[in-house]
Amino acid sequence: MSADGAPAVASARGYLRSGLPGIYREGDFGMRFVAALETLLDPIVVTLDNLPAHFDTRLADPRTLGLIAAWLGVELDESWPRERQRELVRMSSELSRRRGTRTGLEQALRIAFPDLPLRVEDDGGVVHAASAAELPPAPPPRFVVYCDIPLEEPAGLARMIEIMKPVHVQYRLRIRSAARGDGT
């Protein structure tokens with residue numbers, strides 16, 4: 001560590017020189033040669049020393065964040081702020097685990113659209129019959145997503161719903177229309 005608290009560069013730690021047998025440490029040429037190798041390898045050693053930070057979604061640079069998202073199968077919207085993208089990648093395992101459930105959809109919509117007042121209601125229900133023959137035909141599963149403010153471009157919202165909903169389930173997206181003023 002230096003006086004300002006920053007870690008020393010790898011070559012200052014002497015990681016190769018300290019590992020040499022005693023007979024090679026006595027000669028000046030061998031020590032200078034190995035010190036030059038340490039200086040040459042510094043960028044690689046520093047990258048390896050800090051590898052966990054490169055894959056931390058809170059710290060990763062935008063290109064690495066995109067790679068992590070691709071590895072996890074997460075589609076990032078480039079128009080989103082970087083912090084929202086980081087949150088989506090950070091929560092991807094939880095979202096994947098809950099994919100196809102109401103909770104998963106609500107969580108994904110909260111992350112993707114934090115400023116929109118959205119709510120999800122399903123038409124699910126339970127029927128009871130004494131025997132299987134008495135059961136009424138089941139309607140196809142469906143749900144409704146309500147947005148309580150007008151949207152100019154609802155395509156992003158519909159895309160997120162399509163990604164997170166089960167394939168066989170139908171949905172409706174209800175968006176409040178803009179208030180119309182009197183023409184009089």
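Helices α8 and α9 pack against each other in this predicted model: Gly104, Leu105, Ala108, Leu109 and Ala112 of α8 meet Leu157, Met160, Ile161 and Met164 of α9. Of the residues in this contact, 8 are nonpolar, 1 is polar and none is charged. Leu105, Leu109 and Met160 also have the most contacts inside the largest nonpolar core, which has 26 residues.

**Helices α8 and α9**

- The axes of α8 and α9 come within 10 Å of each other and cross at roughly 145°.
- This crossing of α8 and α9 is right-handed.
- In α8, the buried residues are Gly104, Leu105, Gln107, Ala108, Leu109, Ile111 and Ala112.
- The cover over these buried α8 residues includes helices α6, α7 and α9 and strands β1 (118-122) and β2.

**The largest nonpolar core**

- Two or more residues of the core come from each of α5, α6, α8 (102-112), β2 (142-147) and α9 (155-164).
- Helix α8 gives the largest share, with 5 residues.
- Setting aside neighbours within four places in sequence, Leu109 is in contact with Pro114, Leu118, Val120, Val145, Leu157, Met160 and Ile161.
- Among these partners of Leu109, Leu157, Met160 and Ile161 also belong to the α9 side of the contact with α8.

**Helices α5 and α6**

- The axes of α5 (residues 62-72) and α6 (residues 82-90) come within 10 Å and cross at roughly 35°.
- The crossing of α5 and α6 is left-handed.
- Pro62, Leu65, Ile68, Ala69 and Leu72 are the α5 residues in the contact, and they meet Arg82, Gln85, Arg86 and Val89 of α6.
- By class, the contact of α5 with α6 holds 6 nonpolar, 1 polar and 2 charged residues.

**Helix α3**

- Helix α3 (residues 28-49) has a kink of about 55° at Leu41, shortly before the proline Pro43.
- The buried residues of α3 are Val34, Ala35, Glu38, Asp42 and Val45.

- Arg99 lies in the loop between α7 (92-98) and α8.
- With a relative accessible area of 48%, Arg99 counts as partly exposed, because that class lies between the limits of 20% for buried and 50% for exposed.
- Apart from neighbours within four places in sequence, Arg99 is in contact with Ile163 and Met164.
- The C-alpha atoms of Arg99 and Lys165 are 6.9 Å apart, although 66 residues separate the two along the chain.
- Met164, one of the contacts of Arg99, is also one of the α9 residues that meet α8.

**The chain as a whole**

- The protein has 9 helices and 3 strands.
- From the N terminus, the order of these elements is α-α-α-α-α-α-α-α-β-β-α-β.
- Of the 184 residues in the protein, 25% are buried.
- Among contacts with a separation of 6 or more, 52% are between residues 24 or more positions apart.

Conventions
Residues are numbered from 1 along each chain as its sequence is written. This is a predicted model: local features need pLDDT of at least 70, side-chain atom pairs count only at pLDDT 80 or more; totals for chains, interfaces and linings use all residues. Side-chain values use heavy atoms; hydrogens and water are left out. Axes are lines fitted to C-alpha atoms, for helices over the stretch in contact, and angles run from 0 to 180 degrees between N-to-C directions. Helices (H or I, at least four residues) and strands (E, at least two) are DSSP runs, numbered from the N terminus. A crossing is left-handed if the near helix is turned anticlockwise from the far one by less than a right angle, and right-handed if clockwise. Contact means heavy atoms within 4.5 Å. Ala, Val, Leu, Ile, Met, Phe, Trp, Tyr, Cys and Pro count as nonpolar, Asp, Glu, Lys and Arg as charged, and the others, Gly among them, as polar. The bend at a residue is the angle between axes fitted to the seven residues ending there and the seven starting there. Buried means under 20% relative accessible area, exposed over 50%, partly exposed in between (1.4 Å probe, protein chains only). A nonpolar core is a set of buried Ala, Val, Leu, Ile, Met, Phe, Trp, Tyr and Cys residues joined through side-chain atoms within 4.5 Å.
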